[in-house]
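Hi,

Here is the structure I promised to pass on to you. Have a look at it first, and then read on for what turned up in it.

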Amino acid sequence: EEELKQRASDFVLRRYKKDHLKNLPDKIVQYVMMPLDDNQYKIDEHTANEINNIVNSGGVLPVAHEVAQQRQALGLYKTNYVVDFVTTLSTAPVVIFAHHRKVVEELVLKLKAETPKVSCIVGGMSDKERKTAVDSFQQGLLDYLVVGIQAGGVGLTLTAASHCVFAELSYSYVEMDQAMDRLHRLGQKNCVNVYI
């Protein structure tokens with residue numbers, strides 16, 4: 001193993017943030033529980049039963065489609081709670097990550113009812129539009145930036161914020177980790193608080 005590492009070191013450079021950014025403040029991940037009302041729980045239980053019936057009958061594709069629809073529906077259901085949560089945080093600006101475009105759009109709409117200082121980054125935006133949103137955020141002109149996890153989870157610097165909230169989760173924790181690190185990177189002066 002040591003010999004392999006030695007040989008590979010001539011060709012592979014692996015850098016770890018903890019080794020090179022020793023003064024980088026901490027990143028604290030906190031899990032926030034959201035209460036579901038009784039009606040939502042019954043709907044979810046009914047849907048779960050329907051999915052089980054489809055699986056048991058040998059259906060595959062309808063299940064994947066149904067699960068995707070339910071994930072988006074749950075994301076949309078959580079938007080009111082997420083908006084209430086982020087507006088009670090004691091600090092702005094805040095980055096909010098979501099998986100579905102409809103959820104991003106709904107969050108932007110609801111946050112704009114609170115303040116006009118909201119923007120978003122979603123797939124299909126031009127480089128100029130993305131740069132404008134990031135520059136406005138970094139310059140302190142925005143209170144909230146809602147970002148699609150895949151559209152803005154890499155390649156951005158969002159160190160103006162020290163709080164980020166995941167309104168939805170990705171199937172891959174690596175994507176979420178990359179998204180968190182848009183804030184937790186060189187230039188960050190504060191501890192980064194991540195709410196999942």
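Predicted model: local features only at pLDDT ≥ 70, side-chain atom pairs only at ≥ 80, totals over all residues.

In helix H5, the buried residues are Val103, Val104, Leu107, Val108 and Leu111. Viewed down the axis of H5, these buried residues fall within an arc of 135 degrees, so they line one face of the helix.

**Helix H6**

Which residues of H6 are buried? They are Arg130, Ala133, Val134, Ser136 and Phe137. Around the axis they cover an arc of only 165 degrees, which puts them on the same side of H6. Asp127, Lys128 and Lys131 are exposed on the other side of H6. The length of H6 (residues 127-138) works out too: its 12 residues should span 16 Å at 1.5 Å a residue, and the end C-alpha atoms are 16 Å apart, which agrees.

**The whole chain**

Stepping back, the chain has 8 helices and 6 strands. Along the sequence they follow the pattern α-α-β-α-α-β-α-β-α-β-α-β-α-β. Of the 196 residues of the chain, 37% count as buried.

**The largest pocket**

The largest pocket has a volume of about 440 Å³. It is lined by 20 residues, and the closest to its centre are Lys78, Phe166, Ala167, Leu169 and Ile196. Which element gives the most to this lining? That is H4, with 7 residues. Helix H4 (61-88) and strand S5 (163-166) each supply at least two residues of the lining. Sorted by class, the lining of the largest pocket has 15 nonpolar, 2 polar and 3 charged residues.

**Two loops to look at**

Most residues other than glycine have a negative phi, and most peptide bonds are trans. With that in mind, find Pro93, in the loop between H4 and strand S2 (94-98). A cis peptide bond joins Ala92 and Pro93, with omega at about 10 degrees.

The other loop lies between helix H8 (173-180) and strand S6 (192-195), and Arg182 is found there. Is Arg182 buried or exposed? With a relative accessible area of 6%, Arg182 is under the 20% cut-off, so Arg182 counts as buried. The C-alpha atoms of Arg182 and Gly152 are separated by 8.5 Å, although these residues are 30 residues apart along the chain.

**Cysteines**

How many disulfides does a search of the whole structure find? The search finds 0. Cys164 is buried, at 0% relative accessibility, whereas Cys120 is partly exposed, with a relative accessible area of 22%.

Enjoy exploring, and write back with any questions.

Best wishes

How values were computed:
Residues numbered from 1 in each chain as written. Heavy atoms only, no water. 1 Å grid on protein atoms, 1.4 Å probe; cavity = no way out; pocket = protein on both sides within 12 Å on 5 of 7 lines; lining within 4 Å. Points joined across faces, edges and corners; volume = space filled by probe spheres on them. Helix = DSSP H or I, 4+ residues; strand = E, 2+ residues; numbered from the N terminus. Nonpolar A, V, L, I, M, F, W, Y, C, P; charged D, E, K, R; others polar. Disulfide = S-S within 2.5 Å. Buried < 20%, exposed > 50% of the residue type's maximum accessible area, 1.4 Å probe, protein only. Arc of directions from axis to C-beta. Expected span 1.5 Å × (residues − 1).
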